[in-house]
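Below is a short briefing on the sheet and helix packing of one protein model. Please read it alongside the sequence and coordinates.

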Amino acid sequence: MQISRTVVSILTFSVILTAAYETTDSARRYKDFKVIKTKILGVHESSVLSQLAFKSGLDFWSLPRNGKNAILLCEPQQAEEIFKELSRLELRPEILTEDVSREIAEERFKIDQINSAKLKVANWENFMTLDQINQYMDEVVANYSSIVSELGIGTTTEGRTTRVLHISTGPGKPAIFINGAIHAREWIGPPVAMYAINQLTEFYDQNSAILNSVDFFIAPVVNPDGYVFSWEQDRFWRKTRSLNDLNCLGVDANRNFDWQWAPDNDMCSLVYPGTAPASEPEIQGLQSFLQEHNEITFYVDLHSFGQSMIFPWASSNEQSPLYPELMRVGNEAAEALRTVRGTNYTVHSVTNGGTNFLYGVSVDWAHGVLGIPLTYAIELPGGGSGGFDIPPEEILPVATETWEALKVFAQNVPPTTTQLQWFI
């Protein structure tokens, strides 16, 4: 079989570029790191594995939860021991990725290939840097000023502004707030949020009925410092970039909310909750913004990955008094999403009957402190080496199907008179 010179050139260029990326800081950090997946866990198994996670400081890409696979990243020197321990616990581990650095290199190669085509910034065919996201937001504000305005919700540790767009046809309506990238490495969140902005502006005629009854506040990136660092230095950086000590930076922003906050002295932990509730300027700004806007009666925190819509409580197995309504709306949204291309989501509380409790998280704070009736974290689909590096070609399908779920959410935004009052 003969191969054309063009094909040979392309293959050669791909190999050279991939090799080049493997020498960058982000890829080099993960040379020979493994990604391991367990079987679907039961309640007891998720509890046992949660204890192991807490003691070892492992990087769980998918937390041990009842009814889910756990997925974790392992350093080369840990991998064999962890695999043996998971086998001993009869969790049927399997290695998803032998060398994470190559996955990082291939992801960045795909991104650069698409960028070289010089397509418009917001094309949903590629992941976007913070500068590209900000450029798109600037264009939306300029082009749709009759319904879009920009608000700032604080300044980060490194001096960046956390930006939110307010999309409204006029005052007096309840509102839904949507944010993405509270965990920096979850790159699929921002384009999903931006797709919602696009549908409400560029395709206003098709969605005017929604905006006639509901306002939107959308913040594509609420951890901009971490997001930039995940692009420039460490692809799988999760936290903010605040200074803890000389060796460890950052706080898990989704453990820093002022609800059932739990202290932890391990500043190097990936889930380090900070020195105090709302110690991070990003969370201070977000909490203040939500407190000032009592028209917000629906809150959505975009995450990845897991294909689930989860709601309070994360800090206990008690049911919210609105559990039936949270299940109803979540199931309707999941069904609307499924009809697009068959993607299945589970709908349940964060703990789902397990014992892997999470403290200081966004959905609990918004529900428990502010009394926002409906609060969800959407765990978007994964892909790539284990979940976070979902291929660029999946961005548009994920954004499109998630928009159908968000429309169901918008149709169920409670009136402002229904805010809960129990903890205010």
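Which residue just after H11 takes a positive phi? In this predicted model, that residue is Gly342, with a phi of about 85°.

**Helix H11**

**Sheet**
- Eight strands form an open sheet with mixed pairing, in the order S5-S6-S8-S7-S9-S12-S10-S11.
- S5 (148-155) and S11 are the edge strands, each pairing on one side only.
- Neighbouring strands are turned by 20° against each other on average, direction ignored.
- S7 (residues 175-179) and S8 (residues 215-219) run parallel and are joined by 5 bridges; Ala175 has Asp215 of S8 as its bridge partner.

**Helices on the sheet**
- H6 (residues 130-143) lies across S5 and S6 (161-167), at about 35° to S6.
- H7 lies across S5, S6, S8, S9 and S12, at about 145° to S8.

**H7 and H13**
- H7 (residues 189-201) packs on H13 at an angle of about 65°, with the axes 9 Å apart, and the crossing is right-handed.
- Residues in the contact include Tyr195 and Leu200 of H7 and Trp403 and Leu406 of H13.
- By class, this contact has 11 nonpolar, 3 polar and no charged residues.

Methods: Residues numbered from 1 in each chain as written. Predicted model: local features only at pLDDT ≥ 70, side-chain atom pairs only at ≥ 80, totals over all residues. Heavy atoms only, no water. Helix = DSSP H or I, 4+ residues; strand = E, 2+ residues; numbered from the N terminus. Axes fitted to C-alpha atoms, helices over the stretch in contact; angles between N-to-C directions. Left-handed = near helix turned anticlockwise from the far one by under 90°. Contact = heavy atoms within 4.5 Å. Nonpolar A, V, L, I, M, F, W, Y, C, P; charged D, E, K, R; others polar. Pairing = 2+ DSSP bridges.
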